Amino acid sequence: MTNNTPRICVVGAGPAGLTCARVLQGNGIGVTVYDADDAVDSRDPGGTLDLHADSGQIALADAGLLDAFMAQARPEGQAKARRDHHGTVLAEFTPGPGDEAAPEIDRGRLRRLLFDHLRPGTVRWGHRLVRATPLGHGGHRLEFEGGTTVEADLVIGADGAWSKVRPLVSDAAPQHLGVCFLDARFDEVDSRHPEVAGIVGAGHMFSNDNDGRAVILQRNGDGVIRGYIAFRAAPDWHVGAGVDLTDRESIRSHLAREFGHWSAAMRALIVRNDGDYVPRSFWALPAPLTWEHVPGVTLIGDAAHLMAPFGGHGANLAMLDGAELAHAVSRATGLDEAVAQYESGMFARSGELAVSSNEALVRFFATTDEPHLPPDPEQEHRDYLARAEAYRQERARRAG
């Protein structure tokens, strides 16, 4: 850039924001990241992620962290099994030797990996954004809880589903997708829950009853399996059902009734978890979402294209967003040009995937007489690798 000292502020220290900051710093550009969390590990970051060769892994390579990621990743976690609600296996996939098209890593480990490779002081923890106010000529003022304010030449909204930055460019808001779930976990699973470990295997297990109920379990690191007990419902489902979300036994009684037609082995996945259930729900932004360019501000990750998790594209696109924006800033003669270039590519990249991910969730929870089988994982892995090669060739062509 011709201006070597732009004031760049990223709001949100998730995979998108941290990747963006890392690649900016790698290009000699200063950046400050603000996050509401008190520390990198102050809250439960969620379960596991598969990082795709054509997106998340490209971003990690741009950040100089692909080898560090592979040292912590679990290629065996790519295994998948699809079962019906009686436990019958409908489809299985075991990755072959050397298959690294989409290895798994726990969200917390990924966040720590990215954070540890930023310059000390880059992330300002304990900064919850209250509002962002335009100052004219592309500048913005960020106001945080507690009264702290900063001004920026470029504000990058990496602050997720309920972004405080998004209203600067769009009035779009997340919409509920009609499905809620309870996040549960099994600790020391191989010794304390061998039956769960046997059903899940080394990777993921997906099961539904073709009538709006599902259980999705994922092997995490450190002997943990995270489970998602999902069902069609409104966000306030517990009110009409008379369920106290703070009472584990109240939730279990409800689930035992709702999933009573599932086999005993599969019901064990629903009611024998360790610890409390954490209620969550699926939301998505209208897709494909675009906006008219606004000087001095842009969005990356879920703030830009929140979508259903089916396909695993959210975090992968988020990290690629961060890397691509950082590269655009390093190449362009000004911030305005950089943001416009980034947004054009991001809209094209994310729109179709957001639509297909949301449609896949609706199909998975539909009432039907036909079992919903997943895409062919072997073909998916071949596609990831082919798209990765095409992506790199196109990037080299543009650079040349």
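In this predicted model, residue R252 is found in helix α8, which spans residues 248-258. With a relative accessibility of 14%, R252 counts as buried, since the limit for that class is under 20% relative accessible area. Beyond its neighbours within four places in sequence, R252 is in contact with V271, R272, N273 and Y277.

A search of the whole structure gives eleven aromatic pairs. A pair of aromatic rings is described by two quantities, the distance of the centres and the angle of the planes. For F181 and Y228, the ring centres are 5.6 Å apart and the planes stand at 70°, so this pair is edge-to-face; the term applies because the angle is over 60 degrees. F181 belongs to strand β12 (residues 175-186) and Y228 to strand β15 (residues 225-232), so the pair ties together parts that lie 47 residues apart in sequence. Both partners can also be placed on the scale of accessibility: F181 is buried, with a relative accessible area of 10%, and Y228, at 15% relative accessibility, counts as buried too. Together with F282, the residues F181 and Y228 form one aromatic cluster.

The rings of F310 and F365 make up another of the pairs. Here the centres are 6.3 Å apart and the planes are at 70°, so the arrangement is edge-to-face. F310 sits in the loop between α10 (302-305) and α11, while F365 sits in the loop between α12 and α13 (377-399), so this pair ties together parts that are 55 residues apart in sequence. Both F310 and F365 are buried.

Helix α11 covers residues 313-331 and helix α12 covers residues 335-364; the angle between them is about 165°, and their axes are 8 Å apart. Such an angle makes α11 roughly antiparallel to α12, because angles over 145 degrees fall in that class. The crossing of the two helices, α11 and α12, is right-handed. On the α11 side, the contact is made by H313, L317, L320, D321, E324, L325, A328, V329 and R331. Helix α12 contributes L335, A338, Q341, Y342, M346, R349, S350, L353 and S357.

Notes: Residues are numbered from 1 along each chain as its sequence is written. This is a predicted model: local features need pLDDT of at least 70, side-chain atom pairs count only at pLDDT 80 or more; totals for chains, interfaces and linings use all residues. Side-chain values use heavy atoms; hydrogens and water are left out. Axes are lines fitted to C-alpha atoms, for helices over the stretch in contact, and angles run from 0 to 180 degrees between N-to-C directions. Helices (H or I, at least four residues) and strands (E, at least two) are DSSP runs, numbered from the N terminus. Angles under 35 degrees count as roughly parallel, over 145 as roughly antiparallel, 65 to 115 as roughly perpendicular and the rest as oblique. A crossing is left-handed if the near helix is turned anticlockwise from the far one by less than a right angle, and right-handed if clockwise. Contact means heavy atoms within 4.5 Å. Rings of Phe, Tyr and Trp (its six-membered ring) pair if their centres lie within 6.5 Å; planes under 30 degrees apart count as stacked, over 60 as edge-to-face and the rest as tilted. Buried means under 20% relative accessible area, exposed over 50%, partly exposed in between (1.4 Å probe, protein chains only).
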